[in-house]
Amino acid sequence: MSDKSKLSPETESRLKASFNLEWRKELRARIPVKERLEIGRREMPARGHERVRDFLEVNQGLSVEEAVLEAKRCLDCGRPSCVSGCPVGIDIPGFIKLIEAGEFAASARKLRETNSLPAVCGRVCPQETQCEQVCNVAKTTGVPVAIGNLERFAADLAMRSGTFASLERTAAPTGKKAAVVGAGPAGLTVAGELAKLGHSVTVFEALHQPGGVLVYGIPEFRLPNRILWAECGLLERLGVEFRMNFIVGKTATIEDLRADGYEAFFIGTGAGLPNFMNIPGENLAGIYSANEYLTRVNLLRACEFPVADTPVFRGKRTAVVGGGNVALDSVRTARRLGAEKAMIIYRRSRVEMPARAEEVRHAEEEGVEFHFLTVPIRYIGDSRGRVAAVECQRMELGEPDASGRRKPVPVPGSEFTLEVDVVVVAIGQSPNPLIPQTTSGLKVGRWGNIEVDPETMATSLPGVFAGGDIVRGGATVILAMGDGRRAAAAMDRYLCEKR
Ligand code: FAD
Ligand code: SF4
């Protein structure tokens, strides 16, 4: 839905107004462009090799001095191409120039105008294929401004200093009730936006903690849970009610909630249904879906077993099948659970890997072994029914397929075997069918995703909106949040018109 070459008219006029502010003109004049281009990029400080023994965060964040220096690299372009590369149109030069000016709290507030979870996005957004890919500094020097690192800096500092002790309501209470189903980034965004507009919001979440994939999927070493807890605390203080362990479609249906007085609904239930390859031996003990493996470790704290109740197999030789962020998070988790050999099996080459470049680099530093152009064709069990080996086949790249990437083609006679004691399958996820199955009249697409109007996120049912992975399939945090913002605006209009 985002077009990297285009800004919406609203974004364009918002940026124009902020670009012409006197203080920004002054700041631009202080350092000539040539000097700005000579400043080298401040790299994100990261923990050393000892990090593979724990789950603490790897990236350490920029210091104040480094952040201000990095901010000086930004040219505050009249036509900031970075903004058109951002799916939610953040005023990127605006927040960066506030860092350069030392106005850190104002910088974080600027981020919040368009991004409800900047501390999350600063950590997990694929900036290298979005805003940073089209940054004008990269066109001249080859090295973009570190937009993501600066976003994280401003958001973290605001959180640490308590500048965001509250989110503010912008409207009086309306007396209207809205239900948000799913507490992932899409649902949390909708909840915050609607509560600010004075509506009474309840979030219904199937799990015992809010955050969705950000808590049960992405490990602590990339995204500490405390960030989500702080964000949810802000929402609670704004009056949002969280009802946990509540499965919509089982505990109550959308129609039951309507009968309880809810007038507008947002479905943000994600894509949590794991895909499998359906190859022989896939049911052997020791073979997990990435979803189960990561949920056991991140949400149920299997890494602390037996202190925590839930165990997980701690393999010495763990193979993870897939090449996306989910696969990389799984293999790095396996390393931290004690795998001496932690391997990625991926059917294409490194170039086609969809995982973030930083994740791949960190995995390499942590000793992960990559088997590119390789696909599992069967699992072999031991006498106890546990996985002991995986038979693989080599691939070569053929013609581009529908995704535009070159299609992997099996190389005859290239089969070989890898010894393993744990396997994690991370080859994609599908939307959970529960809500479509229990909500009559809700239109779904071929792959089970809910169909919406892309402008308003309205579904085929009156008052029911949807967004995030349940609509897009497995996508990204920022796209889920962008959907949430559009849906919240449309839900507000819907609720107000019903008065
Ligand atoms: P989710 O985050 O999936 O949240 C959905 C919520 O709905 C869940 O809490 C679920 O329990 C709840 N729910 C489901 N069914 C029901 C029901 N019937 N009733 C009540 N509640 C229900 N994206 C990035 O941008 N960068 C990354 O680095 C990145 N890494 C990732 C790593 C992993 C391991 C995974 C799995 C995904 C990653 N993603 C990443 C993708 C990103 O996390 C998702 O696109 C995003 O979380 C989708 O948000 P969402 O709100 O639509 O759904
Ligand atoms: Fe700054 Fe790069 Fe955006 Fe220009 S394109 S405003 S240099 S971040």
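Me: What sits over the ring of Tyr262?
Reply: The charged end of Lys177, at 4.4 Å from the ring centre. A charge counts as over a ring if NZ of Lys or CZ of Arg is within 6 Å of the ring centre and within 35 degrees of the ring normal. This is a predicted model, where local features need pLDDT of at least 70, side-chain atom pairs count only at pLDDT 80 or more, and totals for chains, interfaces and linings use all residues; side-chain values use heavy atoms, leaving out hydrogens and water. Residues are numbered from 1 along each chain as its sequence is written, while chains are lettered from A and ligands numbered from 1 in the order in which they are written.

Me: And which residue lies over the face of Phe19?
Reply: Arg28, at 3.9 Å from the ring centre of Phe19.

Me: OK, ring on ring. How many aromatic pairs are there?
Reply: Eight, from a search of the whole structure. A pair means rings of Phe, Tyr or Trp (its six-membered ring) with centres within 6.5 Å; planes under 30 degrees apart are stacked, over 60 edge-to-face, and the rest tilted. One of the pairs is Phe204 with Tyr262, edge-to-face at 5.7 Å centre to centre and 80 degrees between the planes.

Me: Why does the pair of Phe204 and Tyr262 tie together separate parts of the sequence?
Reply: Phe204 lies in strand β2 (residues 200-204) and Tyr262 in the loop between α14 (254-259) and β4 (264-267), so the pair joins parts 58 residues apart in sequence. Helices (H or I, at least four residues) and strands (E, at least two) are DSSP runs numbered from the N terminus.

Me: Are Phe204 and Tyr262 buried or exposed?
Reply: Phe204 is buried at 1% relative accessibility, and Tyr262 is buried at 7%. Buried is under 20% relative accessible area, exposed is over 50%, and partly exposed is in between (1.4 Å probe, protein chains only).

Me: Which rings are linked into a cluster with Phe204?
Reply: Phe246 and Tyr262, through ring pairs.

Me: What about Tyr288 and Tyr293?
Reply: Their ring centres are 5.5 Å apart and their planes at 50 degrees, so that pair is tilted. Tyr288 is buried at 6% relative accessible area, and Tyr293 is buried at 1% relative accessibility.

Me: Tyr293 is in α15, then. How many residues of α15 are buried?
Reply: Eight of the ten in α15 (residues 290-299), so the helix is largely enclosed by the rest of the structure. Among the buried ones are Tyr293, Leu294, Val297 and Leu299. Just after α15, Arg301 takes a positive phi of about 60 degrees.

Me: Switching to sheets. What is the strand order in the open sheet of five strands?
Reply: β6-β14-β7-β8-β9, with parallel pairing. Strands pair if DSSP finds at least two bridges between them. β6 and β9 (369-371) are the edge strands, each with a single partner, so one side of each has no neighbour in the sheet. The twist averages 20 degrees from one strand to the next.

Me: What does β14 pair with?
Reply: β6 (residues 287-289) pairs with β14 in the parallel sense over three bridges, and β7 (residues 317-321) runs parallel to β14 with four bridges. Val423 of β14 is the bridge partner of Ile287, and Ala319 also stands opposite Val423.

Me: Which way do the valines of β14 point?
Reply: Val422 and Val424 point one way from β14 (residues 422-425), Val423 and Val425 the other way, and all are buried. In a regular strand, side chains alternate between the two faces of the sheet.

Me: And what joins β7 to β8?
Reply: Five bridges, with β7 and β8 (residues 341-345) running parallel. Thr318 stands opposite Ala342 in β8.

Me: How do β10 and β11 pair?
Reply: β10 (residues 374-381) and β11 (residues 387-400) are antiparallel, over seven bridges. Tyr379 stands opposite Val390 in β11. The hairpin has five residues between the strands, and Gly385 takes a positive phi near 80 degrees.

Me: Last one, helices. How do α16 and α17 cross?
Reply: The axes of α16 (residues 325-336) and α17 (residues 357-365) come within 10 Å and cross at roughly 25 degrees. That makes α16 roughly parallel to α17. Axes are lines fitted to C-alpha atoms, for helices over the stretch in contact, with angles from 0 to 180 degrees between N-to-C directions. Under 35 degrees is roughly parallel, over 145 roughly antiparallel, 65 to 115 roughly perpendicular, and the rest oblique.
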